[in-house]
Amino acid sequence: MQKTSARLLSLLSLLQARRDWPGALLADRLDVSPRTVRRDVDRLRELGYPIVATKGPDGGYRLDAGTQLPPLLFDDDQAVALAVALQIATTTGAGIEEAAARALNTVRQVMPARLRRRIETLRVTAVERPVTRPNQQVDSGVLMTLGDAVHAREVLRFDYAPASPAGTGDGDPSEVPPRRVQPHHLVTWSGRWYLVAWDLDRDDWRTFRVDRITPRTPTGPRFTPRELPGGTVAAFVTSRFQGSDGSGGWPCRGEVILDLPAAVVLRHTREGIVEELGPDRCRLVLGSWSWPGLAAALGRFDADMKVVGPTELKDAFAHLARRYANAAIDGSTDGSTD
């Protein structure tokens with residue numbers, strides 16, 4: 001039988017692993033009597049762990065939420081995952097960089113030597129992809145306020161700043177009435193935070209940049225969530241940022257046969273559908289904002305191709321061919337010399 005201190009740690013680890021534990025199952029896992037489990041639960045309560053007894057045919061225990069954060073136990077994989085997540089927190093845009101750095105130092109200090117060595121050899125440098133404009137940091141307090149409204153399903157009012165300091169031509173921002181929405185999800189996309197919500201005044205779904213939101217209090221009445229277009233928040237947000245017309249896809253979508261292996265094409269397309277037709281041929285279905293944009297995107301593969309359809313894509317290729325030919329002619333007759 002384990003010593004009392006070791007058994008308490010084992011019991012705590014089990015309580016953290018799942019929400020509800022029948023008392024008999026805990027006793028079996030720890031190889032002790034149900035009476036010993038009851039005594040150990042009382043000892044953990046004295047140490048500040050909020051363990052509640054659950055009623056039922058078997059009876060059991062649950063590690064509940066308390067007013068303070070008690071010491072936690074992590075297995076090796078959890079500890080490593082936590083350390084890695086804290087190292088890349090700088091790319092979230094949630095304004096938690098300093099808190100994440102302090103949390104990482106705390107975790108490192110209490111790690112066993114074997115895990116500390118693993119973390120030290122797994123130093124991660126978080127690099128955000130280059131953007132034309134730096135992403136705005138989001139106030140963590142605003143995130144919490146929005147998250148609370150989403151969870152409580154309460155109507156939210158907020159001021160929404162214009163996209164640029166110059167404004168949007170709507171007059172004095174202080175005279176613009178607050179937006180009234182039913183908040184549904186907080187999401188991140190390409191380094192920015194967005195609120196997905198049903199706009200009550202515009203009677204439509206909207207995505208709002210969180211860095212431009214200033215919440216007003218108090219929140220409004222509770223609401224029954226609507227069904228999100230697309231079925232999932234991922235499908236909805238993806239379609240919105242693709243600029244779709246509500247059908248869930250790009251506004252322009254075409255199909256070509258490429259004289260390239262499917263494996264090569266797959267390495268260079270993230271959203272296309274690739275079908276292997278042979279060792280050196282494949283079918284590619286791809287979307288874009290415009291037909292010339294789609295034709296240009298397909299041209300980057302630098303391979304012979306056949307347009308399956310639609311006609312708009314063939315016309316876009318002809319349009320670009322004329323434009324590129326004119327650019328080549330103009331470039332060769334500009335009078336410049338080497």
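## Helix H4

The buried residues of helix H4 are Ala79, Val80, Ala83, Leu86 and Gln87 (buried means under 20% relative accessible area, exposed over 50%, partly exposed in between, with a 1.4 Å probe and protein chains only). Look down the axis of H4 and these buried residues fall within an arc of 130°, so they line one face of the helix; the arc is taken from the directions from the helix axis to the C-beta atoms.

This is a predicted model, where local features need pLDDT of at least 70, side-chain atom pairs count only at pLDDT 80 or more, and totals for chains, interfaces and linings use all residues. Residues are numbered from 1 along each chain as its sequence is written, and side-chain values use heavy atoms, leaving out hydrogens and water.

## Helix H2

Helices (H or I, at least four residues) and strands (E, at least two) are DSSP runs, numbered from the N terminus. In H2 (residues 23-30), Gly23, Leu26, Ala27 and Leu30 are buried. Their arc is 100°, so they line one face of the helix. On the other side, Ala24, Asp28 and Arg29 are exposed. Just after H2, Asp31 takes a positive phi of about 60°.

## The sheet

Three strands make an open sheet in the order S1-S3-S2, with antiparallel pairing (two strands pair if DSSP finds at least two bridges between them). S1 (21-22) and S2 (51-54) are the edge strands with a single partner strand each, so one side of each has no neighbour in the sheet.

S2 pairs with S3 (residues 60-63) over four bridges, and Ala53 sits opposite Tyr61 in S3.
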